[in-house]
Amino acid sequence: MSQGPRSGLAAVSSALLAMSRHLEVRDVLKTIVASARELLDARYAALGVPDDHGGFAQFVVDGVSEEQWKAIGPLPRQHGILAAMLHEAGPERLADVRKDPRFEGWPSAHPEMSDFLGLPIRDGDEVIGALFLANKNCPKPEGSCGFTPDDEELLAILAQHAAIALTNARLYERSRELTIAEERSRLAHELHDAVSQKLFSLRLTAQAAAALVDRDPSRAKGELQQVAALAAEAADELRAAVVELRPAALDEDGLVATLRTQIQVLDRAHSARVSFTSHGVRALPAAQEEALLRVAQEALHNALRHSGAEHVDVTLHKRGTGALLRVTDDGRGFDPTAVRRAGRHLGLVSMRDRASGIGGGLTVQSAPGKGTTIEMEAPGG
């Protein structure tokens, strides 16, 4: 096997572990490309994921600067050597890709490449991507390829594991999309139950005020005051729902600031006192921050809508390299065993799935009349 700077079993193990560490498709693609380039000691590496229209849905490169990549222009089409990787069965190892009859040139800003190694990434019979390496960092006698048969074999092993990592990432993103759809459906139900009922009451009260304005102005004034109160409550309900629909602040503000903002809104929108404290928590992997946010939202939803709590406390503290989330309320509580037997989950299944999906854990402590405490631990990274 070629003796590069990271050759051997340890380097292969490091590359495979790096690929399995990520859940987002884009992160997996970048890790595959960087691992392949480092493992085979190449100057350039790229990975293309085909779309259904003769182009690439995603194309990730390593070894090319961001400025140079922007200068190259739009994503390539599926033609020449790139098409061969997607539509032919085997790998391609070339001494000079520019001399291959299938070579069709590249944009002026594209780096010059000579020796080339590429192969498809397969999930069963389906080609889900193609991996390319160019310009092996080694002496190359005239007319020979720097990439060896051993390099080809090593890249094939990497591609097999890349297929698994990429498939898992796609399944994760699909699962997340389904979860978002379920949450939107739940919020629609909440809006129907809460906001639409208040708006219906507001309409009836306004009609009553209109009927009384001439014959009993004093009562009409009281009805109009009730209209104002109902309108304020409906606005608060809508504000709280919008907060739940917008986790995008995570990307810009981070978990702690996003939680603090959302809890401040919930504190204003509900009669219960909702508080938040945090200590020592640093940035976590994106998937873990989203899972913590969603579990906090679900626990808060249960506490504020169903428990009759007067106080809800949310804490987020550092634990090891990760974080511990705790949501405690002084509401009526429940028997978790009875809830499971009755087929009601209060979102507990979803919360446990989110925790286990990031390698964390979730515990629920509750009893009738004793309030509820939900804890979730995220492992960090």
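Author: We go from the whole chain to single residues.

This is a predicted model: local features need pLDDT of at least 70, side-chain atom pairs count only at pLDDT 80 or more, and totals for chains, interfaces and linings use all residues. Residues are numbered from 1 along each chain as its sequence is written, and side-chain values use heavy atoms, with hydrogens and water left out.

Reader: How many helices and strands does the chain have?

Author: Helices (H or I, at least four residues) and strands (E, at least two) are DSSP runs, numbered from the N terminus. Here the chain has 10 helices and 10 strands.

Reader: What share of the residues counts as buried?

Author: Buried means under 20% relative accessible area, with a 1.4 Å probe and protein chains only. Of the 381 residues, 44% are buried.

Reader: And contacts?

Author: A contact means heavy atoms within 4.5 Å. Take contacts between residues at least 6 apart in sequence: 62% of them join residues at least 24 apart.

Reader: How do I read phi?

Author: Most residues other than glycine have a negative phi. Asp41 is not a glycine, yet its phi is positive, about 55 degrees.

Reader: Where is Asp41 found?

Author: Asp41 is in the loop between helix H2 (25–39) and strand E1 (42–50). Its relative accessible area is 19%, so Asp41 is buried.

Reader: What is the phi of Asn135?

Author: Near 60 degrees, a positive value in a residue other than glycine. Asn135 is found in strand E5 (residues 126–136).

Reader: Is Asn135 buried or exposed?

Author: Asn135 counts as buried, at 13% relative accessibility.

Technical notes: Buried means under 20% relative accessible area, exposed over 50%, partly exposed in between (1.4 Å probe, protein chains only).
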